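I am opening a notebook on a structure that is new to me. The entries below record what I looked up, in the order in which I looked.

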Amino acid sequence: MGHVVLLGDSIFDNGRYVDGGPDVVEQVRDALPQDWKVTLLAVDGDVTSGVARQLRALPPDATHLVVSVGGNDALGYQHLLQRPVRGVADALLAFSAAQQDFARDYDTMTDAVTAVGLPTAVCTIYDTPSSEPGYAVIRTALAFFNDCITRAAFSRGVSVVDLRLVCDDDGDYANPIEPSVQGGRKIAAAISAFLLPEPAARLSAVIAR
């Protein structure tokens with residue numbers, strides 16, 4: 001028996017986007033044995049710094065943590081895509097500054113989560129649907145922020161659920177930034193793969209599907 005707690009943003013708190021279908025937390029419950037508990041502390045719209053507030057409500061019997069956050073932080077830098085630059089080097093320097101700010105906030109969050117002392121996985125920020133205008137630009141820009149996530153995770157022995165590979169079909173998205181029922185089912189399966197069997201026996205792992 002275990003008790004997994006889902007922290008972060010609307011990747012997990014997606015109930016309002018699935019038109020009455022099962023949300024991610026319900027799908028995680030369905031993917032796990034009946035003696036497991038699943039608690040949703042993630043909040044739609046939260047940024048990385050909000051996870052500290054979520055942790056204050058952590059159930060005392062929690063055994064595992066899964067965090068999906070950072071997408072809303074990245075949205076805060078979308079203005080960089082419209083900034084006039086003199087060349088590619090200037091564009092890279094603009095994203096370098098944003099990357100450093102994001103890394104600082106994500107590192108602080110990851111330290112707070114790992115301080116709890118429970119087996120933990122963090123999720124990458126997934127790509128927008130490939131049919132969306134600007135898909136190639138968005139996917140490339142998100143790589144700056146996903147690099148911070150993987151560095152933070154692996155330097156702390158935390159596992160990674162790579163949502164870029166989990167949600168690889170346009171049908172996985174309810175809109176450009178939230179998962180659909182189909183995507184939620186795949187996310188739940190990836191979380192189950194992290195939890196079972198015995199994730200504590202691994203130092204760090206990448207769950208791609």
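**Entry: helix H4 and its cover.** I began with what lies over the buried residues of H4, and the cover includes H2, S3, helix H3 (71-75), S4 and H5. Contact here means heavy atoms within 4.5 Å. Buried means under 20% relative accessible area, exposed over 50%, and partly exposed in between, with a 1.4 Å probe and protein chains only. Helices (H or I, at least four residues) and strands (E, at least two) are DSSP runs, numbered from the N terminus. I listed the buried residues of H4 as Ala94, Phe95, Ala98, Phe102, Ala103, Tyr106, Met109, Thr110 and Val113. I then checked the length of H4: its 27 residues should span 39 Å at 1.5 Å a residue, and the end C-alpha atoms are 37 Å apart, which agrees. The expected span is 1.5 Å times one less than the number of residues in the helix.

**Entry: basis of the values.** I note that this is a predicted model, in which local features need pLDDT of at least 70 and side-chain atom pairs count only at pLDDT 80 or more, while totals for chains, interfaces and linings use all residues. Residues are numbered from 1 along each chain as its sequence is written, and side-chain values use heavy atoms, with hydrogens and water left out.

**Entry: the record.** I looked up the UniProt annotation, and an unreviewed entry gives "domain: SGNH hydrolase-type esterase" for residues 6-172. UniProt positions are in the numbering used here, feature names are shortened, and annotations may be inferred rather than shown by experiment. In the model, the span 6-172 is 41% helix and 11% strand, and its end C-alpha atoms lie 19 Å apart.

**Entry: the cores.** Which residues touch the most other members of the largest nonpolar core? I found Leu7, Val51, Val67, Tyr106, Val122 and Phe145, out of 31 residues in that core. Two or more residues each come from strand S1 (3-8), helix H2 (51-55), strand S3 (64-68), helix H4 (88-114) and helix H5 (135-154). H4 gives the largest share, eight residues. A nonpolar core is a set of buried Ala, Val, Leu, Ile, Met, Phe, Trp, Tyr and Cys residues joined through side-chain atoms within 4.5 Å. A second, separate core has 27 residues, among them Val4, Val28, Ala42 and Leu195.

**Entry: the sheet.** I traced an open sheet of six strands in the order S2-S1-S3-S4-S5-S6, with parallel pairing. Strand S2 (37-40) and strand S6 (206-207) are at the edges with a single partner strand each, so one side of each has no neighbour in the sheet. Two strands pair if DSSP finds at least two bridges between them. S1 and S3 are parallel over five bridges, and leucine 6 is opposite valine 66 in S3. S3 also runs parallel to strand S4 (residues 120-123), joined by three bridges; there, alanine 121 is the bridge partner of valine 66. Strand S5 (residues 159-161) pairs with S6 in the parallel sense over two bridges, and valine 160 is opposite valine 206.

**Entry: strand S3.** Is S3 covered on one face or on both? I found both faces covered, with His64, Val66 and Ser68 buried on one side and Leu65 and Val67 buried on the other. Histidine 64 counts as buried at 10% relative accessibility. A polar contact of 2.7 Å joins its side chain to that of threonine 63. Such a contact is a pair of N or O atoms within 3.5 Å; within protein, one must be able to donate a hydrogen and the other to accept it, and residues adjacent in sequence count only if both atoms are side-chain atoms. Histidine 64 and valine 5 are 59 residues apart in sequence, yet 6.3 Å apart in space, C-alpha to C-alpha.

**Entry: helix H7.** I took helix H7 (residues 181-195) last among the helices: its 15 residues reach 21 Å from first C-alpha to last, close to the 21 Å expected. Serine 180 caps the N-terminal end of H7, with a side-chain oxygen 3.3 Å from the backbone nitrogen of glutamine 182.

**Entry: aspartate 19.** Aspartate 19 sits in the loop between S1 and helix H1 (24-31). I noted a positive phi of about 50° there, although aspartate 19 is not a glycine. Aspartate 19 is exposed, with a relative accessible area of 80%.
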